[in-house]
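Biologist: I have a fold on screen and want to learn how to read it. Where do we begin?

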Amino acid sequence: GDIIVSKEYIIPNNSYLIKSKIQVTNSGNVTLNIPLQVKIGPKLGEGFEDSAYIFEGAIISNNKATEQVEYNEDTTEELSNPLYVGYTSKYFLFAAASKNFNKGIIKPEENGEVSIGETSITVNPDDRNVSEIDIFVGPKEYDRLKSLGLGLQSSIDFGWFYFLAIP
């Protein structure tokens, strides 16, 4: 039997969000368990302005916890059921969000770090599975991020006075 993989990307006008769908069709007679991984990085932090006050680097979050690893820091972090994985700078965010991620990992790779979202999909014989992943590449504007409903607003570091700063 064959495995057919198709990908679809939708980029709406006036949006920083890319809606992606990955469809896997199994025309064989054996159930398949296929790993799916989204990797962002490495070396996305090169050229960013250094700041002692604002975090810049790889980020994963499940809205209960947010793990961050600064650029060129030799640290590995894991988080279960992340809402998103990505890379953040002072003003911008590059993130992949999915309700299907079962593990988020930040690890060193090639003189930088990568942010990884992992899941696996099961496709029965003569069946198909569709996975959706939203990709955001744009400014860290609180209202814009919150309106997406993906939890991306947690990428904004309001510092110690977050309880006063959040609208």
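Predicted model: local features only at pLDDT ≥ 70, side-chain atom pairs only at ≥ 80, totals over all residues.

Modeller: Begin with the element list. The protein chain has 2 helices and 11 strands.

Biologist: In what order do the elements of the protein chain run from the N terminus on?

Modeller: The order is β-β-β-β-β-β-β-β-β-β-β-α-α. Next, look at contact range. Of the contacts between residues at least 6 apart in sequence, 63% join residues at least 24 apart.

Biologist: What percentage of the 167 residues in the protein chain is buried?

Modeller: Buried residues make up 38% of them.

Biologist: Now strand pairing. Which way do S1 and S2 run, parallel or antiparallel?

Modeller: Check the bridges. Strand S1 (residues 3–10) and strand S2 (residues 17–26) run antiparallel, joined by 8 bridges.

Biologist: How do I read a core? Which residues of the largest nonpolar core touch the most other members?

Modeller: Look for buried nonpolar side chains joined within 4.5 Å. The largest such core has 17 residues, and Ile22, Val24, Val38, Ile60, Val85, Ala96 and Ile133 touch the most other members. At least two core residues come from each of S2, strand S3 (32–40), strand S4 (57–61), strand S7 (84–88), strand S10 (113–123) and strand S11 (127–139). S3 has the largest share, with 3 residues.

Biologist: What does valine 85 touch?

Modeller: Leave out residues up to four places away in sequence. Valine 85 then touches, among others, Ile40, Ile60, Phe94, Phe101 and Ile116. There is also a second, separate core of 12 residues, including Tyr84, Leu93, Leu145 and Ile156.

Biologist: And pockets?

Modeller: The general idea is a rolling probe. A probe the size of a water molecule, rolled over the atoms, shows where empty space is left. Here the largest pocket has a volume of about 310 Å³.

Biologist: Which residues lie nearest the centre of the largest pocket?

Modeller: Among its 20 lining residues, they are Lys7, Ile22, Leu36, Val38 and Ile133. S1, S2, S3, strand S8 (92–97) and S11 each give two or more residues to the lining. S3 gives the most, with 7.

Biologist: What classes of residue make up the lining of the largest pocket?

Modeller: The lining has 14 nonpolar, 2 polar and 4 charged residues.

Note on methods:
Residues numbered from 1 in each chain as written. Heavy atoms only, no water. Pairing = 2+ DSSP bridges. Helix = DSSP H or I, 4+ residues; strand = E, 2+ residues; numbered from the N terminus. Buried < 20%, exposed > 50% of the residue type's maximum accessible area, 1.4 Å probe, protein only. Contact = heavy atoms within 4.5 Å. 1 Å grid on protein atoms, 1.4 Å probe; cavity = no way out; pocket = protein on both sides within 12 Å on 5 of 7 lines; lining within 4 Å. Points joined across faces, edges and corners; volume = space filled by probe spheres on them. Nonpolar A, V, L, I, M, F, W, Y, C, P; charged D, E, K, R; others polar.
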